[in-house]
Amino acid sequence: MSARVLILGGTAEARALAQQLDAAGVPAVSSLAGRVARPRLPAGEVRIGGFGGPEALARWLEAERIAAVVDATHPFAQRISASATEATADAHVPLLRLERLGWSAGDGDRWHWVDDLSAAAAALAQLGARRVLLTTGRQGLAAFAGDGDRWYLIRCVDPPEVALPPHHEVLLDRGPYTLDGERALIAEHDIDVVVTKDSGGPLTDAKLAAARERGLPVVVVRRPPRGAVATVRTVAEAAAWAERHTSG
Ligand code: NAP
């Protein structure tokens with residue numbers, strides 16, 4: 001077994017990196033949490049499911065002869081990143097974080113930054129929202145479950161398995177989303193506030209442009225804080241780093 005790169009995935013960037021390494025003949029294995037029922041599978045070797053915490057991940061890295069780890073997980077996936085930091089230090093394996101830039105407001109945007117989903121729920125009351133497009137994914141929806149004052153259009157990839165607010169509709173979809181599609185969705189459901197995480201990237205940013213056009217407020221959940229890890233913003237930089245750590 002030759003030394004391989006582990007890509008911690010679940011993002012478009014992780015899939016693009018797997019594709020590039022596969023095309024370049026760099027040995028790599030992608031890891032997915034197994035949360036999504038029908039995941040978009042990356043190119044090359046894939047494993048699915050948690051490792052069982054940082055110590056188990058460290059042993060896995062050694063057993064699988066992993067030469068380097070690229071943590072390309074979502075900006076809001078905190079536990080796996082913390083686990084990767086601890087495990088790579090323990091197993092003496094280099095770690096790189098691949099993280100897309102967050103979004104920033106431009107002219108005409110009416111964004112309200114909050115620290116977490118509970119604060120997002122509180123912000124909706126302050127904004128006098130009536131009909132909310134909630135795009136924060138199915139984890140953490142419990143923060144909105146007690147709100148009987150508003151109607152929610154809850155968009156997520158798989159059906160939520162937690163309590164939901166009494167007045168809602170669930171829309172199962174996974175993007176990427178177009179500006180025309182987001183305009184139509186907002187108009188059809190008479191949405192007056194959009195809620196999003198600061199996921200960043202172009203695949204899900206059309207809702208921000210659609211909200212701007214309509215003059216709607218957007219509640220944006222800030223990224224959680226992260227430890228200091230060497231970080232790159234582009235797939236090309238991560239691919240070059242991975243190649244360096246597997247050659248020779
Ligand atoms: P999380 O809270 O950081 O992780 C929870 C546990 O799931 C981890 O401790 C780990 O289990 C396992 N896990 C997470 N990502 C994994 C991976 N790529 N490979 C193997 N095990 C993984 O993560 P999350 O927020 O639930 O996100 C789960 C996955 O969905 C991530 O891969 C992330 O990139 C993707 N995703 C998340 C979001 C989001 O908003 N959070 C959005 C889009 C995509 P063990 O401790 O047992 O190893």
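Modeller: Let's sort out the classes: Ala, Val, Leu, Ile, Met, Phe, Trp, Tyr, Cys and Pro count as nonpolar, Asp, Glu, Lys and Arg as charged, and the others, Gly among them, as polar. With that sorting, the shell has 11 polar, 6 nonpolar and 4 charged residues.

Keep in mind that this is a predicted model, so local features need pLDDT of at least 70 and side-chain atom pairs count only at pLDDT 80 or more, while totals for chains, interfaces and linings use all residues. Residues are numbered from 1 along each chain as its sequence is written, and side-chain values use heavy atoms, with hydrogens and water left out.

Now zoom in on the ligand. There are 21 residues around it, and the ones that come nearest are Gly9, Ser31, Arg35, Phe51 and Lys197 (a residue is near if one of its heavy atoms lies within 4 Å). Start with Ser31: one of its polar side-chain atoms sits 2.7 Å from a nitrogen atom of the ligand. Then click on Gly52, where a backbone N or O atom lies 2.8 Å from a ligand oxygen atom. Gly53 also has a backbone N or O atom by a ligand oxygen, at 3.3 Å. How much of the ligand does the protein cover? On its own, the ligand has 800 Å² of accessible area, and the protein covers 82% of that (areas come from the Shrake-Rupley method with a 1.4 Å probe).

Which elements give two or more residues to this shell? They are strand E2 (28–32) and helix H3 (78–91), and H3 gives the most, with 3 residues. Helices (H or I, at least four residues) and strands (E, at least two) are DSSP runs here, numbered from the N terminus.

While you have the model open, pick out Asp71. This residue lies in strand E4 (residues 66–71), and at a relative accessible area of 3% Asp71 is buried. Buried means under 20%, exposed means over 50%, and partly exposed is in between (1.4 Å probe, protein chains only). Which side chains does Asp71 touch? Thr73 is one partner, joined side chain to side chain by a polar contact of 2.6 Å. The side chain of Ser81 is another, also through a polar contact of 2.6 Å. A polar contact is a pair of N or O atoms within 3.5 Å; within protein, one must be able to donate a hydrogen and the other to accept it, and residues adjacent in sequence count only if both atoms are side-chain atoms.

In H7 (residues 235–246), the buried residues are Val235, Ala238, Ala239, Trp241 and Ala242. Seen down the axis of H7, these buried residues fall within an arc of 165°, so they line one face of the helix (the arc is that of the directions from the helix axis to the C-beta atoms).

Most residues other than glycine have a negative phi, and most peptide bonds are trans. Arg65 has a positive phi, near 55°. Its place is the loop between helix H2 (54–63) and E4, where Arg65 is partly exposed with a relative accessible area of 45%. Asp190 has a positive phi too, of about 55°. You'll find Asp190 in the loop between H5 and strand E10 (193–197), partly exposed at 38%. As for the peptide bond, the one from Gly175 to Pro176 is cis, with omega near 0°. Pro176 sits in the loop between strand E9 (168–172) and helix H5 (179–188).

Finish with Asp115, in the loop between strand E6 (110–114) and helix H4 (117–127). Asp115 counts as exposed, at 55% relative accessibility. Asp115 and Val221 are 106 residues apart in sequence, but their C-alpha atoms are 5.6 Å apart in space.

How values were computed. Expected span 1.5 Å × (residues − 1).
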